[in-house]
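Opening the notebook on a new model today.

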Amino acid sequence: MNQLGRPTQAHFVTREAPETFTANRALQINEALIFETGREDFTGVDLDAPAPFTPRLGGLERQSELGLPGLSEPETMRHYVRLSQKNYAIDAGLYPLGSCTMKHNPRLNEKMARLPGFGDIHPLQPVSTVQGALELIEELSGWLLALTNMKAVAMSPKAGAHGEMCGMMAIKAAIAAKGEAATRKIVLAPESAHGTNPATAAALGFSVRAVPAGPDGLVHPDAVKAALGPDVAAIMLTNPNTCGLFERDIVEIARLVHEAGAYFYCDGANFNAIVGKVRPGDLGIDAMHINLHKTFSTPHGGGGPGAGPVVLSERLAAFAPVPFLRRDGDKLGLVEHVAGTQAFGRMTAFHGQMGMFVRALAYILSHGADGLAKASEDAVLAANYLRVGLSDLMSAPFGDRPCMHEALFDDTWLKDSGLTTLDFAKAMIDEGFHPMTIYFPLVVHGAMLIEPTESESRVSLELFLATMRDLAMRALRGETERFLGAPFYAPRRRLDETAAARKPVLRWRKPEPVEE
Ligand SMILES: *Cc1c(COP(=O)(O)O)cnc(C)c1O
């Protein structure tokens, strides 16, 4: 055993484990679909047939079976609890998914979000009865504006990608207001951009012009200058970028973009690396979404709710969508209609993700301004700890310099091993870790993007590091079997991921009865 109490010898069982009668693997219980376990002609309750009566539904009562699986309450409960246990979660272990920022969500946030005054209100309640909730939104808006040094914030977008859409719609409205809608049809995006950036631009009718990054992983002013022209509406740039690097020339890029009459959209998904250290407004950014669920805690694994407020500069503030808050003395109101404003419209039926707002403000207030800056510093420190700790074994394309909140490796180091990034990631599952982000960003071959976040302790980072080092040495030593067959211990082994993506089976159909 080493200091961490982990076996240092090859204890790996290459022998296949025995088949079990139940197909369970100890507490990993093989779970069928609820439609397969339950029977339609059963119900979970045992009620006597009602005495004859004349229905008052005018012949509209159901004539056929409900078609739902009938299970007892314990059976139903167990089904969903077992399913929930198949999820890897940040509350189960370190979740180093780069760009996604899976950070700890303090339980205090949950408690606050469940306060009846926040948790039990309805968006159609009269505003006079939800003044406290509106005040919370106002206070959170104030923090977001202060931390970014921007002029306005649209709170309603419900995710980062939704926020991109919102910011780009504000830009589109501003361009239309200047009478340039017909000429400015191009959006610039670097090749390292998150897929949502070009998708947003395309969804709004723009064409995307790619800007190459330099060999140092950064976007260079010369490349932007060459791509700019009177046909360009905006640039969409991520900062810190998806290689985990701070765009060194961002101020100069902003200047060039504005000089060309275009707008600067910043993808702020990585804001958690710079909160309290850098204000995006000071860099010349016109619009930026903030993923509350990446920067200000709130749980978002498994596609749970997010929130993507968008901060806007002076040049775009007037185009912010409705609804927005307006204060009249000590009363808060909501501007709900576009008439009489320059608002480009509305993103969503109501006011945004109230539960996320409460969690974000609870996180902000419990850290305070100094604590937020410290969290950014710790996120960067943790990422660099891993970068340096793995640098002698794994190849890091930009590893000659400190990174921001995530450390990027490529697959050059695996070149002679016969293994791929995917194989390596699958072996991490057997070790009890969620794999890092793989094959993104696309600009790096076989990318492995590791983001530990500020919430991991030194001990937890050490264990992750020791595990990664152990796996890396095995890969380099030629223990390919361990990787090619992985995961060995997961409820499902290697899946046909291409078929799953191309031909997803999204609906269960009752199998044809088999003739005896
Ligand atoms: C997560 C992310 C997005 C999209 O945010 P969602 O909240 O998932 O819609 C966009 N860009 C980058 C760089 C991201 O990491």
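How many helices and strands does the protein chain have? I get 15 helices and 12 strands, taken as DSSP runs numbered from the N terminus (helices H or I, at least four residues; strands E, at least two).

Ground rules. This is a predicted model, where local features need pLDDT of at least 70 and side-chain atom pairs count only at pLDDT 80 or more, while totals for chains, interfaces and linings use all residues. Numbering runs from 1 along each chain as its sequence is written, and side-chain values use heavy atoms, with hydrogens and water left out.

Overall size. Along the principal axes, the C-alpha atoms fill a box of roughly 75 × 75 × 45 Å.

Ligand. I listed what surrounds the ligand (a heavy atom within 4 Å), and found residues including Ala159, Glu164, His194, Asp267 and His293. By class, the shell has three nonpolar, six polar and three charged residues; Ala, Val, Leu, Ile, Met, Phe, Trp, Tyr, Cys and Pro count as nonpolar, Asp, Glu, Lys and Arg as charged, and the others, Gly among them, as polar.

Next I checked for side-chain N or O atoms beside ligand oxygens. Ser99 has one at 2.7 Å, Lys294 at 2.8 Å and Asn291 at 3.0 Å. Taken alone, the ligand exposes 380 Å², and the protein buries 86% of that (Shrake-Rupley, 1.4 Å probe).

Largest pocket. I ran a 1 Å grid over the protein atoms alone (1.4 Å probe; a pocket is an open set with protein on both sides within 12 Å along at least five of seven lines; lining residues have an atom within 4 Å of a point). The largest pocket holds about 810 Å³, counted as the space filled by probe spheres set on the points. Its lining has 28 residues, with Lys86, Tyr88, Ile429, Ala490 and Pro491 nearest the centre. Helix α12 (residues 421-430) supplies the largest share, five residues.

Most residues other than glycine have a negative phi, and most peptide bonds are trans. I noted a cis bond joining Phe440 and Pro441, with Pro441 in the loop between β11 (437-438) and β12 (448-450). Ala486 to Pro487 is also cis, omega near 0°. Ala23 has a positive phi of about 70°, and sits in the segment before α1 (34-37).

Definitions and conventions:
A polar contact is a pair of N or O atoms within 3.5 Å; within protein, one must be able to donate a hydrogen and the other to accept it, and residues adjacent in sequence count only if both atoms are side-chain atoms.
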